[in-house]
Number of protein chains: 2
Amino acid sequence: MGPVIICVAITGSLPRKRDNPAVPITVAEQIESTHEAFEVGASIAHCHVRNDDGTPTSDPARFAALKEGIERHCPGMIVQLSTGGRSGAGRERGGMIGLRPDMCSLSVGSNNFPARVYENPPDLVDWLAAEMAAHGVLPEVECFDLSHLWQAAAMHRDGRLPRVPYCQFVLGVRNALPADPHAFEAMLAAKRHLLGEAPWCAAGIGRHQLEVNEWAIGAGGHART
Amino acid sequence: MGPVIICVAITGSLPRKRDNPAVPITVAEQIESTHEAFEVGASIAHCHVRNDDGTPTSDPARFAALKEGIERHCPGMIVQLSTGGRSGAGRERGGMIGLRPDMCSLSVGSNNFPARVYENPPDLVDWLAAEMAAHGVLPEVECFDLSHLWQAAAMHRDGRLPRVPYCQFVLGVRNALPADPHAFEAMLAAKRHLLGEAPWCAAGIGRHQLEVNEWAIGAGGHART
Ligand SMILES: [Zn+2]
Ligand SMILES: [Zn+2]
Ligand SMILES: [Zn+2]
Ligand SMILES: [Zn+2]
């Protein structure tokens, strides 16, 4: 077993200071928190940015400041910027791809979230993938369901994803795929069938985090906090 | 192996006379076509209705006429009315549940279709399930992805689906789960894990129809045209 890649999601798009005073919100707080994680071994920083009031945004200027700070404080750390739908709508979700970070997250299908539909229409998916390809950005494909793995593989086969995508299994979101060992095994079998030994990771949401990290590391995958 | 249940989808929501002159559009045409399928062994009729111009609708009056005609011409045939999202929006999708057909289709999650998001928001799913429960209608859960099986099982466990749901695996819709034997096996393993030996069926879209029917019948499931 090679070294485990730890990807830290320092902030995410949802928690506020009122939920947890320790959550880093400003760019300065995020950089310091990422630096601490880097010093104890994290090698990928999965980044969201916030407005001054704590609400999520896709603002490229804020992403640029965060990326620049992480690159300065954490030399060699891989910067991954989120194009997730909680932070913007339509093409504004991909406004930061032109910053040419190492990686961006990419959703390739739609699914339910706890109280709404997580909408990733096919034309937006294709546009985000094309932007990443044009700027040399490696996608981390967020797989909330089994078909998302097939979609990632199909997009690689037909050239929409020129490099083998790094897939993340996202388990434990209510109304999407649960943090269940059978669901994990189904995802892993499909990933191996479709993408062979390409590196991959898995994330468990909330209380499922450590459990899913253990399953992934035990199966040769990597960890996402 | 017990007898195979054949469910015929006579009309669907999309094809028009200009695509195939044989497709039954009017209620009278649908009743005659269902009668022919019934006489050669089909036991469930999966029904969509159309406006006079051929566009899909959820109009309860048209569903009532079709249901009444099938019950008269095909005694004992199980009538299943579609609550699918191609024929209406929001709660208008469930306006026919009060007709108390034997079954209605029910989507429990969201996914991508060839050119758009198939939106089944959690509150609408719960409302449709509650209407079916209140009217004694058995849902056929349309499973376009793996998480939909988990969602069906969770809804049965917590009482939103009082009866064990009849699940259909829908394979071969572009941008959703493909008609691939590995995807089929993953769905089947999850179904057995979650719902045991409850009856189930599988449908392959378009050119995948016969292939997927063969896989399903070979594995003890039922067939949907
Ligand atoms: Zn994220
Ligand atoms: Zn520092
Ligand atoms: Zn249908
Ligand atoms: Zn007749």
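Predicted model: local features only at pLDDT ≥ 70, side-chain atom pairs only at ≥ 80, totals over all residues.

Trainee: Is A:His35 buried or exposed?

Mentor: A:His35 counts as buried because its relative accessibility is 18%, and the cut-off for buried is under 20%. A:His73 has a relative accessible area of 28%, so A:His73 is partly exposed.

Trainee: Why are B:Glu32 and B:His35 separated by about one helical turn?

Mentor: Because they are three residues apart in helix α1 (residues 27-39) of chain B. B:Glu32 is partly exposed, with a relative accessible area of 37%. B:His35 is buried, at 18% relative accessibility.

Trainee: What are the protein donors of the zinc ion (ligand 3)?

Mentor: B:His46 (NE2) and B:His48 (NE2), lying 2.0 Å from the ion. B:His46 is buried, with a relative accessible area of 6%. B:His48 is buried as well, at 8%.

Trainee: Now the strands. How do I read a sheet?

Mentor: Strands of a sheet pair through backbone hydrogen bonds, either parallel or antiparallel. Here, eight strands of chain A form a closed barrel with parallel pairing. Its order is β1-β2-β5-β6-β9-β10-β11-β12. Neighbouring strands of this sheet are turned by 25 degrees against each other on average, direction ignored.

Trainee: How many bridges join strand β6 to strand β9 of chain A?

Mentor: Five. Strand β6 covers residues 103-107, strand β9 covers residues 138-143, and the two run parallel. Find A:Ser107: it stands opposite A:Glu142 in β9(A). Then look for helix α4 (residues 146-157) of chain A, which packs on the sheet and touches β9 and β10 (166-171) of chain A. The direction of α4 makes about 155 degrees with that of β9(A).

Trainee: What should I look for in the side chains of a strand?

Mentor: In a regular strand the side chains alternate between the two faces of the sheet.

Trainee: In which sense do β9(A) and β10(A) pair, parallel or antiparallel?

Mentor: Parallel, over four bridges. A:Glu142 stands opposite A:Gln168 in β10(A). Now trace the chain from β9(A) through α4(A) to β10(A): this β-α-β crossover is right-handed.

Trainee: Which residue is the bridge partner of A:Val170 in β11(A)?

Mentor: A:Ala203. Strand β11 (residues 200-204) of chain A pairs with β10(A) in the parallel sense over five bridges. From β10(A) the chain crosses through helix α5 (residues 181-195) of chain A to β11(A), and this β-α-β crossover is right-handed.

Trainee: What about a residue in a loop, such as A:Arg93?

Mentor: A:Arg93 sits in the loop between β5 (78-81) and β6 of chain A. A:Arg93 is buried, with a relative accessible area of 3%. Leaving aside neighbours within four places in sequence, its contacts include A:Ser58, A:Tyr118, A:Asn120 and A:Leu128. For another loop, take A:Asp19, between β1 (6-9) and α1 of chain A. A:Asp19 is exposed, with a relative accessible area of 52%.

Trainee: Last one. How do I compare two copies of a chain?

Mentor: Two copies of a chain are related by a rotation about an axis and a shift along it. Here, a rotation of 180 degrees with 0.0 Å of shift along its axis superposes chain B on chain A (RMSD 0.0 Å). The two copies are therefore related as by a two-fold rotation axis.

Trainee: Why do the copies meet through the same surface?

Mentor: Because 100% of the interface residues of chain B are also interface residues in chain A.

How values were computed
Residues numbered from 1 in each chain as written. Chains lettered and ligands numbered in written order. Heavy atoms only, no water. Pairing = 2+ DSSP bridges. Axes fitted to C-alpha atoms, helices over the stretch in contact; angles between N-to-C directions. Contact = heavy atoms within 4.5 Å. Donors = N, O, S within 2.8 Å, 3.2 Å for Na, K, Ca; no water. Buried < 20%, exposed > 50% of the residue type's maximum accessible area, 1.4 Å probe, protein only. Right-handed = clockwise from strand over helix to strand, strands pointing away. Least-squares fit on C-alpha atoms with pLDDT ≥ 70 in both.
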